[in-house]
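This report describes how parts of one protein chain pack against each other. Please examine the sequence and the structure shown below before reading on.

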Amino acid sequence: MMIPVRCFTCGNVIGEHWEEFKARARDGDEDPAEVLDELGVERHCCRRMMVSHKDLVDVVSPYQ
């Protein structure tokens, strides 16, 4: 789950696309810009948040 769920700048909900974006783009399989286009994330501020976001859940709770 992406935290924050909304874009800081415009308030659009972007957390719903995080898992698919992470699975497809973060693993290096596909170009992040193409994945965001396919997911319908069009605004620059939302795209920036998706690309620059770092999941801290794995760091904070290593014992899953």
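Does His-17 count as buried or exposed? The model is predicted, so local features need pLDDT of at least 70 and side-chain atom pairs count only at pLDDT 80 or more, while totals for chains, interfaces and linings use all residues. Residues are numbered from 1 along each chain as its sequence is written, and side-chain values use heavy atoms, without hydrogens and water.

His-17 counts as buried because its relative accessibility is 18%; buried means under 20% relative accessible area, exposed over 50% and partly exposed in between, with a 1.4 Å probe and protein chains only. This residue lies in the segment before H1. Apart from neighbours within four places in sequence, His-17 is in contact with Leu-39, Val-41 and Met-50 (contact: heavy atoms within 4.5 Å).

The helices discussed here are DSSP runs (H or I, at least four residues), numbered from the N terminus.

| Helix | Residues | Residues in the H1–H3 contact |
|---|---|---|
| H1 | 18–26 | Trp-18, Phe-21, Arg-26 |
| H3 | 44–52 | Met-50, Val-51, Ser-52 |

H1 and H3 pack at an angle of about 65°, and their axes are 10 Å apart; axes are lines fitted to C-alpha atoms over the stretch in contact, and angles run from 0 to 180 degrees between N-to-C directions.

The largest nonpolar core has 13 residues, and Cys-7, Ile-14, Phe-21, Cys-46 and Met-50 have the most contacts inside it. Such a core is a set of buried Ala, Val, Leu, Ile, Met, Phe, Trp, Tyr and Cys residues joined through side-chain atoms within 4.5 Å. H3 gives the most to this core, with four residues.

Conventions: Helices (H or I, at least four residues) and strands (E, at least two) are DSSP runs, numbered from the N terminus.
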